[in-house]
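Let's take a look at a protein model together. Have the sequence and the 3D view ready, and follow along as we go.

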Amino acid sequence: MSTDTDAVGAEATTEVDQLARDLGEAIAELPVYQRFEEAKANVEADEELQAEIREFEQIREEFMLARQSGEASRDDLRELQNAQQDLHEIPKMSEYLQAQNELELRLQELNETVSESLDIDFGQKAGGCCED
């Protein structure tokens, strides 16, 4: 009896795993995902933009260290915000951020669809841990 139950459970697990792979492949075929991948590749291939990103990351890191030590000023925050705005206004970066936002919205819709038949938020439980 236990062997039959184990076999049914293993079959269901295999089927669910295949459905998950199929879902991943279907998501990869969505235009919104393909736009995101294209925008991401454009950002990664642009050396000038990569230099701007590194510069922003340096400013952000310096601000975070200053904030942790209690030495961050409003001017430091303003510098960080201006650097972020400048970075986001670069067309390739703006396109990437828009594509990322659209993909996240679509994935949230898919999460809600999957979660409808569960008593939990699938995406939150699949990606999160250590919740109170």
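## The big picture

Take the contacts in the protein chain between residues at least 6 apart in sequence: 56% of them join residues at least 24 apart. Keep in mind that what you're looking at is a predicted model.

So what is the chain built from? There are six helices and zero strands, and from the N terminus on the elements run α-α-α-α-α-α. The chain has 132 residues, and 17% of them count as buried.

Now zoom in on helix 2, which covers residues 31-45. This helix has 15 residues and reaches 21 Å from its first C-alpha to its last, close to the 21 Å you'd expect at 1.5 Å a residue.

Which residues of helix 2 are buried? They are Val-32, Phe-36, Ala-39 and Val-43. These residues cover an arc of only 70° around the axis, so they sit on the same side of helix 2. Turn to the face pointing away from that buried side, and you'll find the exposed residues Pro-31, Glu-38 and Ala-45.

What covers the buried residues of helix 2? The cover includes helix 3 (47-68) and helix 5 (91-115).

## Where helix 2 meets helix 3

The axes of helix 2 and helix 3 come within 5 Å and cross at roughly 85°. An angle of 65 to 115 degrees counts as roughly perpendicular, and therefore helix 2 and helix 3 are roughly perpendicular to each other.

Who touches whom? On the helix 2 side you'll see Val-43, Glu-44 and Ala-45, and they meet Glu-47, Leu-49, Gln-50 and Ile-53 in helix 3. Sort the residues of this contact by type and you get four nonpolar, one polar and two charged. Two of the names have come up already: Val-43 is among the buried residues of helix 2, while Ala-45 is one of the exposed residues on the face turned away from the buried side.

Finally, find Leu-23 in helix 1, which spans residues 2-29. Is Leu-23 buried, exposed or partly exposed? Its relative accessibility is 38%, so Leu-23 counts as partly exposed.

Leu-23 and Leu-110 are 87 residues apart in sequence, and their C-alpha atoms are 9.8 Å apart in space.

Key: Residues are numbered from 1 along each chain as its sequence is written. This is a predicted model: local features need pLDDT of at least 70, side-chain atom pairs count only at pLDDT 80 or more; totals for chains, interfaces and linings use all residues. Side-chain values use heavy atoms; hydrogens and water are left out. Helices (H or I, at least four residues) and strands (E, at least two) are DSSP runs, numbered from the N terminus. The expected span of a helix is 1.5 Å times one less than its number of residues. Buried means under 20% relative accessible area, exposed over 50%, partly exposed in between (1.4 Å probe, protein chains only). The arc is that of the directions from the helix axis to the C-beta atoms. Contact means heavy atoms within 4.5 Å. Axes are lines fitted to C-alpha atoms, for helices over the stretch in contact, and angles run from 0 to 180 degrees between N-to-C directions. Angles under 35 degrees count as roughly parallel, over 145 as roughly antiparallel, 65 to 115 as roughly perpendicular and the rest as oblique. Ala, Val, Leu, Ile, Met, Phe, Trp, Tyr, Cys and Pro count as nonpolar, Asp, Glu, Lys and Arg as charged, and the others, Gly among them, as polar.
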